[in-house]
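Student: I am new to this structure. Could you take me through it in questions and answers?

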Amino acid sequence: MTTFLHDRRYWLLLAVCIASFLEPLATTVVTVSLPQIQRATGASFAELQWVLNAYVLTFAALVLTGGALADRFGRKRIFNVGLWMFITASLVCGIANDPLLLIVGRAVAGTGSAFMLSAGLALLVQVFHGKERVRAFAIWGVVVGAGSALGPLVGGLLTDNLGWRWIFFINLPVCLPLLWLSHWSAGESRDPQSGAIDWLGLGSFTGMFLLLMYALIEGNNLGWTSPALISLLVVSAALLAIFIRVQLRRPRPMFDLSLFANPTFTGASIVAIAIAAAFFTLLVYLPIYIQGVLGYSPSQTGLALVVMAVPLLVMGPVSARMAVVISPRLFLPFGLLIIAGGGFLLSLVDQYGATALYAGMIATGVGAGLINGELSNVAISVVAPERSGMASGINNTMRQLGFGIGIAGLGAIFSANLTHGLSQYDRAFVERVASGDVVAAASDIGSDPAGAVDTAMATLASAISDLSLWAAALAAAAAVLAFLLIRPVTVAKATREAG
């Protein structure tokens, strides 16, 4: 212990772990506060989706760019730039009184998180080696998992006791000391072989993802067959084609597409997209049902979601033992099928209420916990050691893409069901129900508020049921694709060679 306290590397590990803990926390901490945010800012359902997705979008688009900037301009410098961006964005989000400012703040926070994560991991690679690096990254992995698991609970406690703005303000006293700690504990390092930043690749990738998310989120408002929506999808596809062409022609691409020539890597990428789109999207939308239909407070909602999120941590040791004796070709699809089974149970909430809710949350949590860690291992194990960083970065990007697409795509299904089921009410009422603010929304209706509550709760339960069924179908389809693509012999060979 004395050695650790006097070893600056472990203080750097502490700084990176805290910063990395805040990244998934910032994603999930907002979910239980949506009714209060909607009430305070007057945000529409689409704007609430952007409050969630703006963070995910910029993080997914810029995590690889953050690594490139860190290699060229200094890992310590980019880590601190990311910290300053996250701090500033948290302050902006905390004082925001309109949805646009909140969305902009969330986008800047996602950028800061991308810089902190990519530069922070590069700093750890520079100072830890051998078994110490394995130990350091094991600690880091547990801390990141805890961020995902504790986000809803932290968000609920802060919202109930201090108000929703404190889910952002709390970042200031946490992050400001990290600026000094990282400055004191880390030395500067760069990659002397680092080339020019791939601005065309960055711009085309970000533009593609942004337009796709906009099309999915605004699809119900624009009309799914409208010229505007079709144009958005066409431009998004064109930007994707440009991105692919640029990456194929660059000697050192930021997103090495040749890795997808390996079927196992492609299968692992599909699993990454599916686990984020199915499991983590449910973690976003279930609080709306829990607060709107079951009537839980934000802190009670966060506590309820613990049964879904904690298996991400506790299933790790079980997963490690099972993965030794079960082929990834069977293991990863098995976990997805458990998630699919949990999604099916959740689809019964309109009939069985809390019983189906808790059974489904436990099952999806167990499935995600089983394969969450092994997924990254499989993605990295099938490439040469010198390309493991690229493989890990792409796999992480696939997760963020899946999360963004899940929020937007499944959210479009959810919104369409609510709009159809509550067509007799005005748009303002539907928007408040979509955030989970059912009773307060009904109290503003002049005639038959009790009937409005009953109708809204039934429609909300039906919408969550339909969303869960789609999530289950997505996980099941991905399980089939993963089984067809993943090659156990390839994985075993790569693992032996790496060892």
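Student: How far apart are glutamate 431 and arginine 427 in helix H19, in helical turns?

Tutor: Helices here are DSSP runs (H or I, at least four residues), numbered from the N terminus. Glutamate 431 and arginine 427 both lie in helix H19, 4 residues apart, so the separation is about one helical turn.

Student: What should I know about the model itself?

Tutor: It is a predicted model, in which local features need pLDDT of at least 70 and side-chain atom pairs count only at pLDDT 80 or more, while totals for chains, interfaces and linings use all residues. Residues are numbered from 1 along each chain as its sequence is written, and side-chain values use heavy atoms, with hydrogens and water left out.

Student: What do glutamate 431 and arginine 427 form, and how far apart are the closest N and O atoms?

Tutor: Side chains of opposite charge can pair when their charged atoms come close. The term salt bridge requires a side-chain nitrogen of Lys or Arg within 4 Å of a carboxyl oxygen of Asp or Glu. Glutamate 431 and arginine 427 form a salt bridge, with the closest N and O atoms at 3.0 Å.

Student: Is glutamate 431 buried or exposed?

Tutor: Buried means under 20% relative accessible area, exposed over 50%, and partly exposed in between (1.4 Å probe, protein chains only). Glutamate 431 has 10% relative accessibility, so this residue counts as buried.

Student: How many salt bridges does a search of the whole structure find?

Tutor: One of them joins aspartate 437 to arginine 39, at 2.8 Å from N to O. Another joins arginine 432 to aspartate 437, with the closest N and O atoms 3.2 Å apart. The search of the whole structure gives a count of 3.

Student: Which residues are linked in a network of salt bridges?

Tutor: Aspartate 437 lies in the loop between helix H19 and helix H20, and its partner arginine 39 lies in helix H3, 398 residues apart. Aspartate 437 is buried, as is arginine 432, whereas arginine 39, at 46% relative accessibility, counts as partly exposed. The network links Arg39, Arg432 and Asp437.

Student: How are helices H14 and H17 oriented to each other?

Tutor: Helix H14 (residues 311-325) packs against helix H17 (residues 354-381) at about 60°, with axes 7 Å apart. Angles under 35 degrees count as roughly parallel, over 145 as roughly antiparallel, 65 to 115 as roughly perpendicular, and the rest as oblique. H14 and H17 are therefore oblique.

Definitions and conventions. Axes fitted to C-alpha atoms, helices over the stretch in contact; angles between N-to-C directions. Helix = DSSP H or I, 4+ residues; strand = E, 2+ residues; numbered from the N terminus.
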